Amino acid sequence: MSAVLDHHDHAHDDHHDHAPTGWRRWVFATNHKDIGTLYLLFSFTMLMIGGVLALLIRAELFEPGLQIVNPELFNQLTTMHGLIMVFGAIMPAFVGFANWMIPLQIGAADMAFARMNNFSFWLMIPAALMLVGSFFMPGGAPAAGWTLYAPLTLQMGPSMDAGIFAMHILGASSIMGSINIIVTILNMRAPGMTLMKMPMFCWTWLITAYLLIAVMPVLAGAITMTLTDRHFHTSFFNPAGGGDPVMYQHVLWFFGHPEVYIMILPAFGIVSQVVPAFARKRLFGYTSMVYATSSIAILSFIVWAHHMYTTGMPVTGQLFFMYATMLISVPTGVKVFNWLATMWRGSMTFEAPMLWAVGFIFVFTMGGFTGLICSMAPIDIQLQDTYYVVAHFHYVLVAGSLFGMFSGYYYWSPKWTGVMYSETRGKIHFWSSLVFFNVTFFPMHFLGLAGMPRRVADYPMQFADFNALASIGALGFGLTQVFFLVFVVFPGMRGKGEPAPQRPWEGAEGLEWEVPSPAPWHTYETPPKLDRSATKVIG
Amino acid sequence: MKSISNKLASLLSNAGIWAGAWAGTTALSAAHAVNDLPGGPSVRQLNLAPAVTKIAEEQHWLHLFMMILCTVIFIAVFAVMFYSIWKHRKSVGHKAANFHESVTVEVIWTIVPFIIVIFMALPATKVLVASKDTTNADLTIKATGYQWKWGYDYIKGEGEGIGFISTLDVTHREMSNNGAKGDVPDDYLLKVDNPLVVPVNKKVRIITTANDVIHAFAVPAFGIKQDAIPGFVRDTWFKAEKVGDFYGQCQELCGKEHAYMPIHVKVVSGEDYAKWVDGERKKAAAKLDDPNKVWTLDDIMKRGEKVYASNCAACHQANGKGAGPIKPLDASPIVLDADHTKQIDTLLQGRNNGAMPSWKALSDTDIAAVISYTKNSWSNKTGQLVQPAEVKAERSK
């Protein structure tokens, strides 16, 4: 170990002399902080594109009848909104957080594979271009829903192939990112940073990375079989040749259910760090948090068919998947209780990161409860493929993943930019997001209970009022995120604002607060000596 | 793209008006004067549809039970959290305590939710097992999903042998294209030409399958939803306890007209059902077309116009111009071709991997009629007449 470190020390001077500037700094980036920034900018761009698609959907659904798009384009919009948000916005954003924070939190100099890190980022650009560009291909973008169910995918035009190729590339990028994160966490922790002293964000990402490696190849397999069904006369899923369309759903959801935890576990990690910081009290039940996260990850592999209650599984199959799904609420509940116990008898302040974290717990728990209701097969028979499901997964993915990321942004951006964001603007962003989010998605529960199917371009008149309300909320939510970009992110990038102290939060602990703000280009080039709690550098 | 931007501009101007109107909570419904649709959705409906089967009633009860349980837990947990937020703030001078671990507490809040979950699972299991028992049905009906209509075949029980196609009322589809303006009926997008008719208080087993892609047969008031999967046969059942009209929609994305394939089930008394079966039998006998009948152009055009409106117009448009990827029939070389087999074959086999579906479910007379219609409509003035016998010959190849 020491030989390697000595070598690193030598290299160090060269590094500083040859720090690339201009576009080379970004295109040839190997620095984890630069790549983290690239990931975050990329994912925010995709969030905006996906958001515009969402607003077009909501504009069409503002009132009954077809007004601005035809049903073909409508299906393209819902499909691409889903694909772009899942694969372009949420997943890369968390990889961006991981790139920036994991080396800083474990006292490592950089990610383990710096060039692969560069490759996994730049792979996403052609994939994203191909995905978004599919709108301009003959026949328009894929329109089979983000789940790409066969045999509808077999009817799609050439853009389906572009979409499949883009998914393959994004999957490869995710796998490389995950390998990098696992190797970094397992091999590059500073001496004294044992696994059970690691910050929760690193723990949740370590588990997430394993999930990614396990399931991304499964998705790749499913869409490759779709591709060969489309072009090479195989019949994996094509019933006309004896294929099994339900098999596609099993394979897709074997990927798809762990995928939803891939999108939420890192947010759990962020919240588990923000809550103790602003309660000025250590995280309650650290060990049980680690076990709960692992249990959720393991259980996520045996619940996939709860997305398929209406396919007509045998009753024993439905019972198994119902019980397994309900079981996930136990470790999830443990996490909420632990956050609550962390807040209990703390000394709390409510700066923007804490507001987002509390908002996350509040709204995510609602999504958790609707999930429990959906998990019950007899009720789900009523709710499957209705707007209730749309409401449920937006409560866990927007109010869950996205709110968690905003919490993380406000918590760590002083370290990234070197300046404090405006607290007032952070509060405006939080409160209007919270209000507009609920105005958008809460009425969808009622629509779903009343039986309005999802992915429809037009609906019976009785559904009109709640749809209009949801559309107004969506517009407000979208504009709020533009506000965040213009009045919070841009000033931060330009370095406008109060200079951030090294440790801007009184109760924040961890190695990322042991380096100056903004974090220098190179940090922890020699492994730091840590105190017993592995949260402070002592030499 | 240009038309989209035009429409977007007009929508934005509308949006301002609507947003203002929303202040008066019922503005939208007042503008269209929408009423509840018995057996279908109600205006601003907040809960599941009123149940007309035992299973749906059980689902309601289960949902209510879950809602109460979840609400109580939610309020309890967040009451504690908001108490803590209120009392344990730095600004009120609260000093942080130093506890951060308790195995006892962790065990308690793992075990207690586990017990609650078991408590939830028990009634759910009971309802699920009951809802899956499709044995001993009085009447068995096969529901086949087509892009984008339902085919119903009475397989076993009273009415055996009856079969028909159920399609959204054409005027409703046009209303949708025109932005659902003006006087829109309460059963907008739910009205079909031929509803599924079933007797009250009889166990009806629905077998689902599909012809092209996955659809889902769902009637909320009955508490049923079953995917209709091509190449597979699945089943579900209901026993309606009330006479009346009940509505549902296809619930699985099945392509562009997914929003336009409603389900309308008419539940009638045993007597009325017997009468209906009798009527259907007579109608079928009268309508049975002789595939060897030789038609005149006028008669076959009239028949073809109807077939076109209910099967082809959704994609190819009433004016035959098609739209986007949908090919125009007006001036199409295949339609104009003197060799009739090309067009007959297109209809029987479908084209482009089912983007143009196969229409072999239609009768020889219907196919001949619609082909004759397209050959002599719009700018197509071929004067050609296709007789059912030609379709029959092509079909047997």
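**Notes on the predicted model**

1. In chain B, strand β6 (residues 215-219) and strand β7 (residues 224-228) pair in the antiparallel sense, and five bridges connect them. This is a predicted model, and the points below should be read with that in mind. Within the pairing, Phe217(B) has Gln226(B) of β7(B) as its bridge partner. The two strands make a hairpin with four residues between them, and in the turn Gly223(B) takes a positive phi of about 70°.

2. Strand β6(B) is mostly covered, with five of its five residues buried. His215(B), Phe217(B) and Val219(B) point one way from the strand, while Ala216(B) and Ala218(B) point the other way, and all are buried.

3. A further antiparallel pairing in chain B joins strand β5 (residues 204-210) to strand β8 through five bridges, and here Ile207(B) stands opposite Asp235(B) of β8(B). Strand β8 (residues 234-238) of chain B is also mostly covered, four of its five residues being buried.

4. Turning to chain A, helix α5 (residues 114-122) has Asn117(A), Asn118(A), Ser120(A) and Phe121(A) as its buried residues. Seen down the axis of α5(A), these residues fall within an arc of 165°, so they line one face of the helix. An α-helix has 3.6 residues a turn, so residues three or four places apart point the same way. What covers the buried residues of α5(A) includes the helices α3 (32-60), α4 (71-106), α6 (124-133) and α7 (159-187) of chain A.

5. Asn180(A) is a residue of helix α7 of chain A, and it counts as buried because 24 other C-beta atoms lie within 10 Å, the cut-off being 20 or more. Leaving aside its neighbours within four places in sequence, Asn180(A) is in contact with Met111(A), Ala112(A), Phe113(A), Met116(A) and Asn117(A); Asn117(A) is also one of the buried residues of α5(A). Between Asn180(A) and Phe74(A) there are 106 residues in sequence and 38 Å in space, C-alpha to C-alpha.

6. How does the span of helix α9(A) agree with its number of residues? At 1.5 Å a residue, its 35 residues should span 51 Å, and the end C-alpha atoms are 51 Å apart, which agrees. Of the 35 residues of α9(A), 31 are buried, so the helix is largely enclosed by the rest of the structure. Arg280(A), which follows α9(A), has a positive phi, near 55°.

7. Between the chains, 87 residues of chain A are in contact with 104 residues of chain B. On the side of chain A that touches chain B, the elements giving two or more residues are α4, α9 (245-279), α11 (315-343), α12 (352-375), α13 (377-383), α15 (423-449) and α16 (464-493) of chain A. The largest share of that side, 15 residues, comes from α11(A). By class, the side of chain A that touches chain B has 54 nonpolar, 24 polar and nine charged residues.

8. Two cis peptide bonds in chain A deserve a look. One runs from Ala150(A) to Pro151(A), with omega near 0°, and Pro151(A) lies in the loop between α6 and α7 of chain A. Another runs from Ser517(A) to Pro518(A), with omega near -10°, and Pro518(A) belongs to the segment after α16 of chain A.

9. His233(A), which is not a glycine, has a positive phi of about 55°; its place is in the loop between α8 (200-231) and α9 of chain A, and with 9 C-beta neighbours inside 10 Å it counts as exposed. Tyr524(A), likewise not a glycine, has a positive phi of about 50°; it lies in the segment after α16 of chain A and is partly exposed, with 19 other C-beta atoms within 10 Å.

10. Finally, Lys54(B) has its place in helix α3 (residues 54-87) of chain B and is partly exposed, with 15 other C-beta atoms within 10 Å. Lys54(B) and Ala79(B) are 25 residues apart in sequence and 37 Å apart in space, C-alpha to C-alpha.

Conventions
Residues numbered from 1 in each chain as written. Chains lettered and ligands numbered in written order. Predicted model: local features only at pLDDT ≥ 70, side-chain atom pairs only at ≥ 80, totals over all residues. Buried ≥ 20, exposed ≤ 12 C-beta atoms within 10 Å, placed from the backbone. Arc of directions from axis to C-beta. Contact = placed C-beta atoms within 7 Å. Nonpolar A, V, L, I, M, F, W, Y, C, P; charged D, E, K, R; others polar. Expected span 1.5 Å × (residues − 1). Pairing = 2+ DSSP bridges.
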